[in-house]
Amino acid sequence: MVSEAKLNEYLAEIREHVCSRCVERPPGGPPCAPLGKVCGIELHLPKIIDAIHEVRSDWIAPYLEHNRHTICEHCAHNHTSICPCPMDYLATLLVEAVETVDERCADEKPPNPPHQTASYSTEGAGMREAAV
Ligand code: SF4
Ligand code: SF4
């Protein structure tokens, strides 16, 4: 579970890099809910962060599939006229925003003490491609 402070950090990044590109953004938004615009990003933010952390892929499809399974299947707006919402079709930007915060936080952590062995992964080295 993500802390309130951390959630705000993710939200700030999402506002800057996802909401700024959203064609459904109402005048004066975000936040959009008070303006009558329903969006999964505001409805399900903690679940979105957890769902993205549960996937590691260079491709957007596994993230989309996992979001739809863990979030959309339980969303009260699933299969209504407002669905899919920007949470779904802006998923590429959304995943990038969350992982940008994660990388920034990892960079801020102190390096491993000398007695620990650093581990390396080649995951994440390729381009992530949009499914839409
Ligand atoms: S509709 Fe969703 S993605 Fe668009 S500006 Fe509002 S919160 Fe952001
Ligand atoms: S895409 Fe549809 S089901 Fe998924 S969060 Fe948005 S409104 Fe809800």
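**Helices, ligands and confidence**

Guide: Start with helix α1: on the face turned away from its buried side it carries the exposed residues A5, N8, A12 and E16. Bear in mind that this is a predicted model.

Visitor: Which residues in α1 are buried?
Guide: Y10, L11 and I14 are buried in α1. Seen down the helix axis, the buried residues fall within an arc of 100°, so they line one face of α1.

Visitor: And what covers the buried residues of α1?
Guide: The cover includes α2, α3 (45-53) and α6 (91-108).

Visitor: How many residues does α6 have, and how far does it reach?
Guide: α6 has 18 residues and reaches 26 Å from first C-alpha to last, close to the 26 Å expected at 1.5 Å a residue. Its buried residues are A91, L94, V95, A97 and V98. These cover an arc of only 160° around the axis, which puts them on the same side of α6.

Visitor: What do the buried residues of α6 pack against?
Guide: They pack against α1, α3, α4 (61-70) and α5 (86-89). On the face turned away from the buried side, α6 carries the exposed residues E103, R104, D107 and E108.

Visitor: Switching to ligands. Which residues are closest to ligand 1?
Guide: C19, C22, C32, C39 and P86 are the closest, out of 14 residues that surround ligand 1. By class, that shell has nine nonpolar, one polar and four charged residues.

Visitor: Which ones come nearest to ligand 2?
Guide: Of the 13 residues around ligand 2, the nearest are G40, C72, C75, C83 and C85. The shell divides into eight nonpolar, four polar and one charged.

Visitor: Where is G40 found?
Guide: G40 is in helix α2, which covers residues 40-43.

Visitor: Buried or exposed, and why?
Guide: G40 is buried, because 25 other C-beta atoms lie within 10 Å, and 20 or more is the cut-off for buried.

Visitor: What is G40 in contact with, neighbours within four places in sequence aside?
Guide: G40 is in contact with I71, C75, C85, M87 and D88. M87 is 47 residues from G40 along the chain, and their C-alpha atoms are separated by 5.2 Å.

Visitor: Last topic, confidence. What is the mean pLDDT of the chain?
Guide: The mean is 88, and 83% of the residues reach 70 or more.

Visitor: Where does pLDDT stay under 50?
Guide: Over residues 115-127. For that stretch the model has five contacts beyond four places in sequence.

Definitions and conventions:
Residues numbered from 1 in each chain as written. Chains lettered and ligands numbered in written order. Predicted model: local features only at pLDDT ≥ 70, side-chain atom pairs only at ≥ 80, totals over all residues. Helix = DSSP H or I, 4+ residues; strand = E, 2+ residues; numbered from the N terminus. Buried ≥ 20, exposed ≤ 12 C-beta atoms within 10 Å, placed from the backbone. Contact = placed C-beta atoms within 7 Å. Near = placed C-beta within 6 Å. Nonpolar A, V, L, I, M, F, W, Y, C, P; charged D, E, K, R; others polar. pLDDT = per-residue confidence, 0-100. Arc of directions from axis to C-beta. Expected span 1.5 Å × (residues − 1).
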